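Let's take a quick tour of the aromatic rings in this protein chain. Have the structure open while you read.

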Amino acid sequence: MEKAMRKILYITVNSKPEDLSSSRTVARALVNKITEKYSDFTVEELDLYKEHIPRLEYQYYQSRNCIINEDAMNDLPEKERKEVHTIVNLCNQFVSADIYVIAAPMWSLSFPAPLKEYIDCIVQANRTITFPEKGGKPKGLLDDKPRTVIYVQSSGADIPYMMRPLLNKGLNYIEDIMKSLGIPKFERLLVDGTGTTEQERLNAVNKAIRKIDETIDKIEIMEAIPE
């Protein structure tokens, strides 16, 4: 019997071409290494600078983070129906993955805006998270199988370890969001110290690439179930 295929969702959020982007260069090497080691993984790529990521409008929701039902959707104008379908498809794509590789630069202690817009699309009630009606703590729904998020972040400065909690606000936010959705396994692959020259950037990229094997060893991967 053939093994069921598993999926890596590779999300990039950088307008630079891959060969000029430190985070994308390292993340590509990471994705390639995972698929070399585990042949039953397919890769879906999502470029947040090329794909349309809808901005959320109140008329798309019937309650907090809960997309309107199909009947209500059919009452929307065609353009808005397409936006809702896009939001649902983005969320379904996210739910279907096993490993998430997110490649982003550090911008203003955070990350580029398209990543936040994307996160707003995938945090959906009854799809990725539940909100208790009468108080209580929201519960993530993505704890149904082993999943791992690997966040590949590039930054110009070589951030001291003690300063990372203060300066890596974007990275910390992504980790908190993923854990709130039920994905406890979160790994960081940092491309620090890309500097101001091409040689500094290449040195930082090569240093991060040397950490790929160590990162892959930390991924939580369950043996694929035969179809």
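How many aromatic pairs does the structure hold? The answer is five aromatic pairs. Keep in mind that this is a predicted model. Any such pair of rings is described by how far apart the centres are and by the angle of the planes.

**F94 and Y118**

- F94 and Y118 make an edge-to-face pair, with 6.4 Å from centre to centre and 65° between the planes.
- Buried or exposed? F94 is buried, at 0% relative accessibility, and Y118 is buried too, with a relative accessible area of 1%.

**F111 and Y173**

- The ring centres of F111 and Y173 are 6.0 Å apart and the planes meet at 35°, so this pair is tilted.
- Distant parts of the chain are linked here as well: F111 lies in the loop between β5 (99-105) and α4, while Y173 belongs to helix α6 (residues 169-180), 62 residues apart.
- F111 is buried, with a relative accessible area of 10%.
- Y173 counts as partly exposed, because its relative accessibility is 27% and buried means under 20%.

**A cluster of rings**

- Which residues do ring pairs link into a cluster? They are F94, Y100 and Y118.

Key: Residues numbered from 1 in each chain as written. Predicted model: local features only at pLDDT ≥ 70, side-chain atom pairs only at ≥ 80, totals over all residues. Heavy atoms only, no water. Phe/Tyr/Trp six-rings, centres within 6.5 Å; stacked < 30°, edge-to-face > 60°. Buried < 20%, exposed > 50% of the residue type's maximum accessible area, 1.4 Å probe, protein only. Helix = DSSP H or I, 4+ residues; strand = E, 2+ residues; numbered from the N terminus.
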